Amino acid sequence: GGMYATEVICKHVMLGQLVVVCTDQRLLHVRSGSWALLWQLPWDRLKGVELQTDRNRVVLQCFETRSTHEIECGHPAMMRLVYDTTQSMRRLHAEALVTASLSAASFDAAIVSGHLKESEELV
């Protein structure tokens, strides 16, 4: 159950007492023992991802609010893992949006061209 029960966990990175959890919808930053949510950021609100190598930190920039979320990684290798994981999930999310858009467009084109009646079910 829970607020994110319909989402699929795709990847996660353990950072000691904290965990970065990537679902198909968002990035969650939670405590590892209790799974208490520290913050969450939907993929469509993520504007950019920045490495702060001098602090072993990944900074996520948001669109609307111009706010940022920081992920303290503690080690350069962990910082790189968090960065790469976040970037790969951003790409997967963007690809899923394009695929859904193309599927909807081809379905609409099939209806318009008469190859498919709106009342027909896709099997």
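Colleague: What share of the contacts in the chain with a separation of 6 or more comes from residues 24 or more positions apart?

Modeller: A contact means heavy atoms within 4.5 Å. Of the contacts in this chain with a separation of 6 or more, 29% are between residues 24 or more positions apart. Please note that this is a predicted model, in which local features need pLDDT of at least 70 and side-chain atom pairs count only at pLDDT 80 or more, while totals for chains, interfaces and linings use all residues. Residues are numbered from 1 along each chain as its sequence is written, and side-chain values use heavy atoms, with hydrogens and water left out.

Colleague: Which helices and strands does the chain contain?

Modeller: Helices (H or I, at least four residues) and strands (E, at least two) are DSSP runs, numbered from the N terminus. Here there are seven strands and one helix, and along the sequence they follow the pattern β-β-β-β-β-β-β-α.

Colleague: How are strands arranged in a sheet, and what is the order in the open sheet of four strands?

Modeller: Two strands pair if DSSP finds at least two bridges between them. In this open sheet the order is 1-2-3-4, and the pairing is antiparallel. Strand 1 (9-15) and strand 4 (37-42) are the edge strands, each pairing on one side only. On average, neighbouring strands of the sheet are turned by 15° against each other, direction ignored; the axes behind such an angle are lines fitted to C-alpha atoms, for helices over the stretch in contact, and angles run from 0 to 180 degrees between N-to-C directions.

Colleague: Over how many bridges do strand 1 and strand 2 pair?

Modeller: Strand 1 and strand 2 (residues 18-23) are joined by six bridges in the antiparallel sense. Within this pairing, His-12 is placed opposite Val-21 of strand 2.

Colleague: How is burial read, and is Trp-35 buried or exposed?

Modeller: A residue is buried under 20% relative accessible area, exposed over 50%, and partly exposed in between (1.4 Å probe, protein chains only). Trp-35 counts as exposed because its relative accessibility is 53%. Trp-35 belongs to the loop between strand 3 (26-31) and strand 4, and its phi is positive, near 60°, although the residue is other than glycine.

Colleague: Where is Asn-56 placed, and why does Asn-56 count as buried or exposed?

Modeller: Asn-56 sits in the loop between strand 5 (46-52) and strand 6 (57-62). Its relative accessibility is 16%, so Asn-56 counts as buried. Asn-56 is not a glycine, yet has a positive phi of about 50°.
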